[in-house]
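User: I would like to go through this model one question at a time. Please show it first, and keep the answers brief.

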Amino acid sequence: ASFCNYRTMLTGTCSLYNKCREASHEKGGQVWVAVSNAEYSRKMEYIAIVHIKCFIKVLVASIDQQSALLEECKSMQMSMSTSHLDITYPDFPAGSGCDA
């Protein structure tokens, strides 16, 4: 009877572990999507801010400098580096398994 009780408890524990792990993995996926979207948004905001700062320099520059500065702003590439805003996404850790 003792072994049967142990087996029942082990099976229940393994089942609970697997359900908890699946729920955690699903939640982790949702978080990954949200963070990834926020990362993309921050990168677009950064590019916009760099361009705005450039145009403000044009506005406050002397009239003889405005044309050159404006051309500088226009030639800025939209694909400027945003690597400093990259987020490293770790893999979901492997489960420890359950032998029931």
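User: What does T13 count as, going by its relative accessibility?

Analyst: This is a predicted model, in which local features need pLDDT of at least 70 and side-chain atom pairs count only at pLDDT 80 or more, while totals for chains, interfaces and linings use all residues. Residues are numbered from 1 along each chain as its sequence is written, and side-chain values use heavy atoms, with hydrogens and water left out. T13 is part of helix α1; helices (H or I, at least four residues) and strands (E, at least two) are DSSP runs, numbered from the N terminus. Buried means under 20% relative accessible area, exposed over 50% and partly exposed in between, with a 1.4 Å probe and protein chains only, so T13, at 47%, counts as partly exposed.

User: Which backbone oxygen does the side chain of T13 reach?

Analyst: The pair is a polar contact (N or O atoms within 3.5 Å; within protein, one must be able to donate a hydrogen and the other to accept it, and residues adjacent in sequence count only if both atoms are side-chain atoms). At 2.8 Å, the side chain of T13 reaches the backbone oxygen of M9.

User: How far apart in space are T13 and C73, C-alpha to C-alpha?

Analyst: In sequence, T13 and C73 are separated by 60 residues. From C-alpha to C-alpha, the distance in space is 62 Å.

User: Why is the protein described as more spread out than a compact globule?

Analyst: The protein has two helices and zero strands. The radius of gyration is taken over C-alpha atoms, and the globule rule is 2.2 Å times the number of residues to the power 0.38. For 100 residues that rule gives 13 Å, so the protein is more spread out than a compact globule because its radius of gyration is well over that, at 27 Å.

User: What does the C-alpha trace span along its principal axes, in Å?

Analyst: Buried residues make up 12% of the 100 residues in the protein. Along its principal axes, the C-alpha trace spans about 95 × 15 × 15 Å.

User: Which side chain does a polar contact of 2.5 Å join to that of E39?

Analyst: E39 lies in helix α1, residues 2-60, and counts as buried because its relative accessibility is 10%. Leaving aside neighbours within four places in sequence, E39 is in contact (heavy atoms within 4.5 Å) with L85, D86, I87 and Y89. The side chain joined to E39 by the 2.5 Å polar contact is that of Y89.

User: Which residues is T82 in contact with, leaving aside its neighbours within four places in sequence?

Analyst: T82 sits in the segment after α2 (63-74). At 13% relative accessibility, T82 counts as buried. Beyond those neighbours, its contacts are K43, Y46 and I47.

User: What does L59 count as, by relative accessibility?

Analyst: L59 belongs to helix α1. L59 and L69 are 10 residues apart in sequence and 9.4 Å apart in space, C-alpha to C-alpha. With 66% relative accessibility, L59 counts as exposed.
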